[in-house]
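Please read them beside the sequence and the coordinates.

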Amino acid sequence: MIGTTIILLIYLAIFIGIPVLIGVYVYRDAKDRGMNAALWTLIAMCAPALIGFIVYLIVRGSYSDMKCPQCKTAVTEHYISCPNCGTKLKATCSNCFTPVEAGWNVCPKCASPLQEHYDDVSAPIRKKDKTLGKILLAVILIPVLLIVVMVLSLSTFSATSGGTGVTSLPIDEYLQEVNQPQIEEWLDNSGENYDHAYALRHESTSGEQVMVQYLVYMPRLVENPQISIGTSSGLFGRTLRLDVADSKGDGGNTLMLITCTGDSAPKLKLYYDGTRVDSEITDVEYSLNLAATMVKIQE
Ligand SMILES: [Zn+2]
Ligand SMILES: [Zn+2]
């Protein structure tokens, strides 16, 4: 089953892929900040439901993510000079050496006037963290993907639990063989509306299996139209989708007989060249099958 394989892959992604992704990220990030990389990696990967990762993200805030622009030594925002290479990281008052910010006019400690520019100062560089966003996106997207795949494979399962067949046949031939005056009457009353379809529906059960027959009349259908059929299961039950494609003929002489078995009766939706067609569906008590068709199936 393709569906099962996909679900297995996504489980692997969730229970192995995401923790490994987080582990690699935490290890590198913790090492850069001078934290205990091995310990934090273990905590982030092993604590359930990402709790370790969340705790790591909170705790790391008190560790510096800034570096000296010259020698890449880790520095904090309180450092005036790099402890390794001596690069000046912050401007200071020329009188009392208190650290000052760019744009200040007067020293807040000794009230000496300050320079407008400090050319010898190179501010520490802050590590850009684009990876965190990607990891959080993966943590959100992968479970969402899992749900979508599960819903999709669910409908594949249901569609294969029953059977669906469709036969298109000339009206005259069908009426002759089925010999049911009520069907003839229904056809006469169905009209010639081009944006309408008409269908008779007969449902029967045998054991746990439900069998539904639809006899579909689309007034603008040519002989031997291209028909594709598909079933799907959603929140609102099974749906049978019949798609008819042809080059806008006005034959009006073809019927389609759909037979569908399964554990529930599907609703019918008709499409003409990809557009949904309004359909009038009438429930009937009599079988719509052709005796000849039945014999052919049984052989
Ligand atoms: Zn340095
Ligand atoms: Zn000062």
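1. In the largest nonpolar core, which has 25 residues, the members touching the most others are A197, A199, L215, V216, M218, L255 and I258. Such a core is a set of buried Ala, Val, Leu, Ile, Met, Phe, Trp, Tyr and Cys residues joined through C-beta atoms within 7 Å, where buried means 20 or more other C-beta atoms within 10 Å of a residue's own, exposed 12 or fewer, and partly exposed in between, with C-beta atoms placed from the backbone. At least two residues of this core come from each of α5 (171–178), β7 (196–206), β8 (209–217), β10 (237–245), β11 (254–262) and β12 (267–272); helices (H or I, at least four residues) and strands (E, at least two) are DSSP runs, numbered from the N terminus.

2. The model is predicted: local features need pLDDT of at least 70, and side-chain atom pairs count only at pLDDT 80 or more, whereas totals for chains, interfaces and linings use all residues. Residues are numbered from 1 along each chain as its sequence is written, while chains are lettered from A and ligands numbered from 1 in the order in which they are written.

3. I43 lies in helix α2 (residues 37–46) and is partly exposed, because 18 other C-beta atoms lie within 10 Å. The C-alpha atoms of I43 and F53, ten residues apart in sequence, are 7.4 Å apart.

4. Three strands form an open antiparallel sheet in the order β2-β1-β5, pairing being counted where DSSP finds at least two bridges between two strands. β2 (74–75) and β5 (125–126) are at the edges with a single partner strand each, so one side of each lacks a neighbour in the sheet. K67 has I125 of β5 as its bridge partner.
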